[in-house]
Amino acid sequence: DLDHKIIRTRQTIPVSAGHLVLLYPKYIPGNHADTGPIQLVSGLTVTGNGQRIEWVRDTVDPHAFHLDIPAGVSSIEVGFEWLTQPDNAVWRVVMTPEMVNLQWEKALLYPAGYNHDRITFAPSVVLPAGWQYGVALDTTGREGDVATFAPISLEHLADSPMFAGQHYRRVDIDPGGRSPVHLNLVGDTAASIDITPEWTAKYEELVDQADRLFGARHFDRYEFLFAMTSRMGGIGLEHHRSSENTGAPNYFSSANPAYGARGLLPHEYVHSWNGKFRRPSDEYVPNLNVPTQNTLMWVYEGQTEYWGDVLTTRAGLGTYEEAVVNLAEVAGFYDQQPGRQWRALQDTTNHNLLGYRTTNPWSSWMRGTSDYYREALLVWLDADTLIRAETNERKSLDDFAKAFFGVEDGVWEARPYTFDDVVQALNAVHPHDWATFLRTRLDAVGPDARAPLDGIERAGWRLTYVDELTPVEKRMLSGWAGDFQYSLGFSLGSGNRITGVRWGSPAFEQGLGAGWELVAALRRGDD
Ligand SMILES: [Zn+2]
């Protein structure tokens, strides 16, 4: 329902007489938190043999609904609405006049008490007239605007979202490959999905470079869902055989899209290997309502960030110089981060469970989600350069990638792993006390704790602080003109409003806080 921005669900669920609990998904894979939008579920109505069956919500777990199924009822009809939101203030926009991002797990209920691979869905969707879609499901029928898909388990349905749109284009980026890989482009306008041959060639190169890095593939097909939009909410979310991505409407036509935007698809593609095929064992829970734990996010996101940046460069989506500027920015940020005085990198893996990606003006002190991406990237650079140095460049982290992620070609069930599995795989590449190596970096905390910067020097670089930015730095670091975090210790947003103050910096010591407005800057002696 595009007019009202409402997604309406109808389900037929086989049941037997007696007590039944229906669950609305709570822990969303990739969010690593309880982000299922139960607040947006309305109109829940259940019938059996045409008679209403009243439900009662569980008072401890509001994602659960209790029902008593009468004798003689073998299936129930369940209907409800997902009231998607008109702006991005709280929940991201998933419906615009031109496109829809359908995430199945937000539009279904399922019976409690089952593993997610024991529940089968036979999904179908009614689309606005004339729309096309991309999704990593097998279409079995298309009649008018109704698309029907082959039966699939709850586990994989929740992992197979759809981008549908008025403007749609499908691009093969692995012609003749062993398993199809496609870009599925939707856009605010027809012009926004006008991909050039140069861009297509870069994404083809990304597929080749990932093959060279990992060796094996763990999908029978891979669908990049890629929306060029300023109206739908931004997303970069990984799945086993697809990913949800957004870029600016002029992404393909602008001379130089942001480095982060060019790095998005490489990052999400790596997750098919790191995060989905090899999955942290404490995150691989039986279904979407069992609490997740996230202790291995420094592998899941940290090494994905590392390979995402490497593949961005290897595929020609970014330059070597850009990669170095990006790395310098990460290294400088963590070199100066005071938060490690109280909080170890390991503890930031719990951060999404504290409240999903809440903003914080004291991020340098609080630490948070981005640390297990970006500081962990430095840990993996440290490991990579150590392996290279101690083996005279005969081995590298590429060998770990091949051995850990690149096994069992064609298999796409998840293969869970533990901390000890990571240590073992590193030792198989190059013997070292990897358990201590990792734990000292992950658990470093207190006044003497330092950022894991050894990889910078070992790679032949040096982290320095200078007054002048290069043209590439000015282009890449948006907001550089208002960024004084490494000197006075604050950053300015629009209207000269202070958006962040580094904990313990000169600005902090002078009593400045976020939200202040800078009206003048005086030299000592001026009046
Ligand atoms: Zn990621």
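Student: What volume does the second largest pocket have?
Tutor: Keep in mind that this is a predicted model. The second largest pocket comes out at about 1,200 Å³.

Student: And which residues are closest to its centre?
Tutor: Those are T9, R10, Q11, A107 and S124, out of 41 residues lining the second largest pocket.

Student: Which strand gives the most to that lining?
Tutor: β1, with nine residues. Several strands supply at least two lining residues each, among them β1 (6–14), β2 (18–23), β8 (99–102) and β11 (124–126). β9 (110–111) and β10 (120–121) do that as well.

Student: How many nonpolar, polar and charged residues does the lining have?
Tutor: By class, there are 28 nonpolar, eight polar and five charged residues in the lining of the second largest pocket.

Student: OK, switching to the sheet with β8. What's the strand order there?
Tutor: The order is β8-β16-β12, in an open sheet of three strands with antiparallel pairing.

Student: Why is one side of β8 and of β12 left without a neighbour in the sheet?
Tutor: Because β8 and β12 (132–135) stand at the edges, and each has a single partner strand. As for the twist in this sheet, the average is 15° from one strand to the next.

Student: How many bridges join β8 to β16?
Tutor: Four, and the two strands run antiparallel, with β16 covering residues 162–165.

Conventions. Residues numbered from 1 in each chain as written. Predicted model: local features only at pLDDT ≥ 70, side-chain atom pairs only at ≥ 80, totals over all residues. Heavy atoms only, no water. 1 Å grid on protein atoms, 1.4 Å probe; cavity = no way out; pocket = protein on both sides within 12 Å on 5 of 7 lines; lining within 4 Å. Points joined across faces, edges and corners; volume = space filled by probe spheres on them. Nonpolar A, V, L, I, M, F, W, Y, C, P; charged D, E, K, R; others polar. Pairing = 2+ DSSP bridges. Axes fitted to C-alpha atoms, helices over the stretch in contact; angles between N-to-C directions.
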